[in-house]
Amino acid sequence: MRFSTRNSFIAGMLRRAGLAAPVFFVFATSVFASSSAPHTLCDEPAGWAALNQVYGQDGVFFQCTGLSASALNVNDVQQASLLALLAKFDTGYVQQGLSLPDDLADQIGAQSVSSNDPYYHEWLIRNLLIKLENMAYREAASLAAEAISRDVFAGSAYENTVRLIYLQSTFSIDQYDKVKQICTSPDLLASVKNNQQEAVFYGFCGFNDVLSEDSSVRESGYAQLQLGSARIMADTDPHLCAQIKNGLASYYQSVADLPRTEQFLEEGIACLPAPENFQQQEMLDDLTNNLAWVYRHQGKLPEYLATLRESVYRHTYNLAPEKLIVSYANLGRAYMLVGDIEKSERYYQQVLQVSNAENFTTDFVDTLISLAGIAISKNDLASAQSWLDELAPLQRTRLQESRYEVLFARIRARLSPAEFDEDACVRALGHLTGQYSVTQRSQLMSDWLEVLLLVKRYGMAKTLIEDISQHRRMTLSVSLALANARMTLLKAGGSEHLPEIAGIFYDAFASITEASTKFSSNETGMSWLSQSRRLINNYLSAILPSDDERIIEEALFISERFSAIVFNRHRMALASQSYEKVDETLQSEWMLANAAMPDPQPSADNDDKQFLKDKLWERVQLAGQQRELSDSEPVQTFSLDKIRQSLGNKRAILKIFALENKSCAYLISGPYIEQQCAFSPDALTAWISGRLTEYHGFKTLYLLPEGPWRNSSFAALNDKTGTRYLGFEMGIVRILSLMDYQSAGDENSAAGNIVAFTNPSNPSPEYMSDSEAMQWRAGFPPLPWTARAADVLATSFPKVPLQVFTGDDATNESITSAAARDASLLHVGSHAWYSPESPETVGLVTATGDENEHQGYISYENLFSHVFHNRLVVISACETEMGKSYQGIGMRSLSHGFLYQGAGATISTLWKVPDRATAEFMQHFYVSLAGNGGDIADAMRNARVLLASKRRFRDPRYWGAFVFTVTGPDYEFLSLEH
C-alpha cells in the first residue's frame with residue numbers, strides 16, 4: 001500500500017522514511033513571550049465592544065475593532081485598517097485556534113506595510129502564521145528567511161517564533177540539508193526556553209534526522225525525539241504530541257521493529273481523540289493510514305482493512321483529492337489482497353474520479369495499470385486493452401513502463417500468440433536490473449513467464465525459470481507460478497515425468513496449506529488464490545482420468561482441501577469487513593455499480609452512535625472468530641474407503657472436476673465408483689444424467705460441483721424418455737467442502753424459534769417520484785404470495801415461537817436484527833437482485849420508509865456484516881444461488897454469504913421462479929418437513945413431486961431451481977418441536 005501524504009513536495013521525505021510525516025504547526029500562544037503592540041486601553045464608545053486580553057503580563061495587547069482603533073488616535077486610515085485586521089486575526093485565533101479563512105490571509109497579505117510602521121511586526125508575524133496555517137510552506141519559508149537575514153525580529157519577542165516557523169516550513173518542503181543547518185544553529189538552540197518550544201525544536205530536528213540513511217544520524221534523531229516526547233505536557237498542542245509520536249514510529253519502522261512502530265502510531269492517534277481543526281484531522285488521517293501499513297506488514301488482515309475503511313470514512317466527506325486518491329488506491333490494493341477483485345476494481349475506478357493525468361500523473365498511471373491487470377485476471381481483454389490505450393500516451397516511470405510492457409504482452413499472448421515479439425520480450429527482461437527491488441523484479445519476471453508459456457516458448461521459459469530461481473526472496477504467488485511453470489514444461493515432455501510433476505506439486509501444495517492457516521495479507525491474496533487454483537488444476541489434469549482408487553482419493557483430497565481453504569477464506573473476508581462502516585461510509589456496492597441511489601450523509605445522532613458501538617462489539621467477536629479459523633487444523637484422516645463405508649447403498653457422492661481442458665465426473669457410492677472425462681460440458685452432463693437415472697434405490701445424492709455445474713439444476717436431469725426426473729427420486733444435497741462437511745459439528749447457537757421476513761412494501765406513489773432510487777425500487781412488484789409463508793409456518797409448527805417482519809416492517813434493520821440472525825429457521829420471501837451483466841452485485845429488496853430513501857435494498861456487504869446463527873435459511877427469492885464465481889475463491893452469492901457467516905444450511909434458487917409457484921413449493925416443503933422428522937432433502941423432494949403433480953406447475957422451471965446446501969451432516973435435519 002501507499003502512505004498518505006499531505007503535499008506532493010514531501011514525497012521525497014516519505015520515500016526515505018516509509019511513513020507519512022505531516023508537519024508540526026507552531027501555535028502563537030505557545031511561543032509568544034511578549035508583544036510589541038501598544039499598551040493603551042481601547043476606549044469604549046457606546047455601541048463599540050472592547051475585546052478580550054489575549055496575551056500575558058509581559059506584553060498586553062488588546063484586540064480592537066477598526067472603530068476602536070480610531071478611538072486610539074490612530075489617524076492613518078491604513079494603520080487603522082491593519083489594526084482591525086490584526087484584531088480580527090487574534091479574535092479568530094482565540095475562538096478557532098488558527099483555522100482562519102483564506103480571505104483574511106489575503107487581506108493581511110495585501111497590506112503594504114513598511115518596516116517603519118509601528119504595527120509592522122504584528123503584520124509580519126501574523127502573515128507568517130497564516131501562510132503556515134494554509135500550508136503555503138514555500139512562501140512561509142521564504143518570508144521567514146528574509147526576515148531572519150534582515151534581522152527584522154532581532155531582539156524581539158517574535159524572533160524565536162520566526163525561527164521555528166522557518167524550521168517547520170523548511171522541513172515541510174523536504175529540504176533536509178537546510179533543516180540540518182537550522183537545527184545546529186547556536187542562536188536557535190540557545191533561544192528555546194520552555195517545554196513547548198523545546199518540544200517543537202526537538203520534534204522537527206529529531207524527525208529530520210530519523211529520515212537519514214546514516215544509522216548514527218538516525219540514532220541522534222531518535223534521541224532528540226525522546227527529548228521532545230519528554231516535554232509533552234497535559235496542555236501540549238495535540239497536533240505536536242501526535243507528530244512526535246509519528247516521528248518515533250518512523251524511527252522504529254526504519255529499523256524494522258513493527259510492534260514498536262504500531263505502539264507509537266497508536267499513541268499518536270490517542271493524542272487526537274477529538275480533532276478540532278483541519279490540521280489535526282489531517283494528522284489523524286496520516287497516522288491511520290500508516291497504522292494500516294503496519295497491520296498489513298504484520299499480516300493483520302482484519303485490522304488492515306478496517307483501518308483503511310476508517311480513513312476513507314473521513315476522506316469521503318472532507319473531499320481532499322490527494323487524500324481520496326491515496327485512500328481509494330490503498331483500498332483497491334487491500335481488496336485485491338483479500339481476493340475481492342470486483343471491489344478492488346471499484347475503488348481503483350474511484351481513484352480515476354478524483355485524479356487526472358495532469359496533476360496526479362503517477363497515481364493516475366498506477367491506477368490505469370492496476371485496472372488493466374484486473375481486467376486481464378477476469379479475462380476481459382477488451383477492457384484491459386482499453387485501459388492500456390488510455391495509458392499509452394502518458395508519461396511513465398521506469399517501473400510503470402515495465403508493468404505496461406508485460407500487460408500489453410499478456411493481452412497479445414491471449415489474442416494472437418503467433419504474433420509474439422520475442423525481441424521485445426528479451427529487451428524488456430534486460431531492463432529488469434538492480435533499479436528494482438527483488439520483489440518487483442521477481443513479480444515482473446513471473447508475469448513474463450506466464451506470457452512465454454501462453455505462446456509456448458518453452459526454451460525461453462526454462463531459462464527464465466532459472467533466472468527467477470536465483471532470487472532468494474520471492475512472494476508465495478511467484479513461488480507458485482514457478483512451480484506451475486515447471487509442471488507445464490514437464491507435462492509437455494510426456495507422462496514419464498509424472499513423478500517429477502508430483503514432487504513439484506506437493507512441495508508447492510505444502511506452502512499453500514501452510515499459508516492458509518495463517519491468512520497473512522502479504523501471502524494469501526488474490527494472486528495467491530488464483531495461482532493455487534491454477535496449480536491444482538494443472539496437477540489434477542495430469543493424473544485424471546483414472547480408475548485407480550488411490551488416484552481418485554488423492555484428487556478428491558486435493559480438491560476438497562482447497563475448497564475448505566476457500567470456504568474459510570470467504571468467512572475471514574466477511575469477518576474482516578463485518579466491523580467496517582461498510583456502506584454507511586462510502587457508497588453501497590449497489591450505488592457504486594448502478595449509481596441509482598444518492599450518497600448517504602454522515603450523521604451523529606444517537607441511533608448512529610449506537611450503531612457504531614454495536615459494530616465495534618461485533619468487531620471484537622469476529623476478531624476472535626478469525627483467530628479460531630486461523631488456528632484450525634484440516635481434517636487429518638481423509639480416506640476414500642471410510643467415505644464409501646459411510647455412504648452405504650442408499651447414498652452417493654457426485655464429484656465434478658472442472659480442469660484446464662477437460663472435465664471429469666466421479667460417482668462414488670458404497671458398492672462402486674464410476675468415472676467419465678470429457679472435453680465437452682454437454683457430453684459430460686449427458687453421461688451424468690444417464691448414469692444417475694439408470695440407478696435405483698439412492699435416497700440421497702451429495703453434489704460437489706465445479707465450473708458450470710455449480711449453476712446447474714440436477715433435480716431437473718431426466719432419463720432418455722424425459723419422464724423420470726432425478727429430483728423426484730432422491731434428495732439432493734450440495735456441499736461446499738467435503739472436508740468441512742466431515743469435520744463440522746452441531747455448534748450452532750440458534751434460539752429454537754422461527755422468523756419470517758416477507759413481502760417488503762414499496763414506496764408510496766407520491767414519494768416514488770422524488771428520486772431515481774425510489775423509482776428503481778418501485779419497479780419490483782409486490783409479492784403477496786410470499787406472505788402466506790408465515791401462515792404455513794404457524795400451522796405446520798404450532799408450538800414454535802414465530803416472529804414475522806412483513807410490509808413496512810420488512811426493513812434492512814429487521815433482516816439484520818438479532819431476532820432474525822438467531823432464529824433456528826429464517827425464512828426470507830423477497831426479491832433478490834442478481835444480474836449476469838453485474839454478477840458481483842447481489843442483494844435483497846427490503847421495505848422503504850418515506851423518511852429514509854436509503855432503505856429498499858440491502859447489499860451483500862451490508863447483509864453479511866453480521867454473523868448468522870440460523871440452522872436453516874430459506875431464501876424464497878429469485879436467483880439467490882447465483883452470483884459471481886471468482887477465479888480461485890469460488891462463488892459469491894446470497895446463499896453462500898449466509899453459510900460463510902455461520903448459517904448451517906440454506907435453500908436457494910438458481911433462476912427466477914413465479915411468486916405463486918414459489919409460495920406453493922414452500923407450503924409443500926414446510927408441511928412435509930413437519931411430518932417427516934425434519935429431513936430437509938426429503939421434504940424438498942416431496943415438495944417437487946407435489947408441485948409438479950399440478951398441470952400448471954409440471955415444467956421443471958417451477959420446481960427445479962430450488963437447491964439445498966449444507967455445511968455439515970447435522971444440518972441436513974431441522975427439528976423445531978419442543
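Student: Are Tyr 222 and Tyr 252 buried or exposed?

Tutor: Tyr 222 is buried, and Tyr 252 is buried as well; the word means under 20% relative accessible area, whereas exposed means over 50% and partly exposed covers what lies in between, with a 1.4 Å probe and protein chains only. This is a predicted model, in which local features need pLDDT of at least 70 and side-chain atom pairs count only at pLDDT 80 or more, while totals for chains, interfaces and linings use all residues. Residues are numbered from 1 along each chain as its sequence is written, and side-chain values use heavy atoms, leaving out hydrogens and water.

Student: What makes Tyr 222 and Tyr 252 an aromatic pair, and of which kind?

Tutor: The structure holds 18 aromatic pairs, where rings of Phe, Tyr and Trp (its six-membered ring) pair if their centres lie within 6.5 Å, and planes under 30 degrees apart count as stacked, over 60 as edge-to-face and the rest as tilted. Tyr 222 and Tyr 252 lie 5.6 Å apart, centre to centre, with 80 degrees between the planes, and the pair is edge-to-face. Tyr 222 belongs to helix H12 (residues 215–230) and Tyr 252 to helix H13 (residues 238–254), so the pair links parts of the chain that are distant, 30 residues apart, helices (H or I, at least four residues) and strands (E, at least two) being DSSP runs numbered from the N terminus.

Student: Why is the pair of Tyr 725 and Trp 959 called edge-to-face?

Tutor: Their ring centres are 5.2 Å apart and their planes stand at 80 degrees, so the pair meets the edge-to-face condition. Tyr 725 is in the loop between strand E4 (700–704) and helix H34 (726–729), and Trp 959 is in the loop between helix H44 (936–948) and strand E16 (962–966), so the pair ties together parts that are 234 residues apart in sequence.

Student: How do you know whether Tyr 725 is buried or exposed, and what of Trp 959?

Tutor: Tyr 725 has a relative accessible area of 15% and therefore counts as buried, and Trp 959, at 0% relative accessibility, is buried too.

Student: How would you classify Lys 245 and Gln 470?

Tutor: Lys 245, found in helix H13, has 14% relative accessibility and therefore counts as buried. Not counting residues up to four places away in sequence, Lys 245 touches Ser 229, Phe 264, Glu 267, Gly 268 and Cys 271, contact meaning heavy atoms within 4.5 Å. Gln 470 lies in the loop between helix H24 (458–469) and helix H25 (476–492), and at 61% relative accessibility Gln 470 counts as exposed.

Student: What is known about Arg 396 and the ring of Tyr 404?

Tutor: Arg 396 lies over the face of Tyr 404, at 4.2 Å from the ring centre; a charge sits over a ring if NZ of Lys or CZ of Arg is within 6 Å of the ring centre and within 35 degrees of the ring normal. The charged end of Arg 412 also qualifies, sitting over the ring of Phe 408 at 5.5 Å from its centre.

Student: Which strands stand at the edges of the sheet, and why?

Tutor: The open sheet has 11 strands in the order E3-E2-E1-E4-E5-E16-E15-E12-E8-E6-E7, with mixed pairing, and two strands pair if DSSP finds at least two bridges between them. Strand E3 (673–678) and strand E7 (802–807) each have a single partner strand, so one side of each is left without a neighbour in the sheet.

Student: What makes E4 a partner of both E1 and E5?

Tutor: Five bridges join E1 to E4, and these run parallel, while four bridges join E4 to strand E5 (residues 731–735), again parallel. Leu 703 in E4 stands opposite Leu 654 and opposite Arg 734 in E5. Both faces of E4 are covered, with Thr 700, Tyr 702 and Leu 704 buried on one side and Leu 701 and Leu 703 on the other.

Student: Which residues touch the most other members of the largest nonpolar core?

Tutor: A nonpolar core is a set of buried Ala, Val, Leu, Ile, Met, Phe, Trp, Tyr and Cys residues joined through side-chain atoms within 4.5 Å. The largest has 102 residues, and those touching the most other members are Leu 540, Leu 654, Ile 688, Leu 872, Phe 925, Tyr 926 and Phe 964. A second, separate core of 72 residues includes Ala 147, Val 210, Leu 265 and Ala 329.
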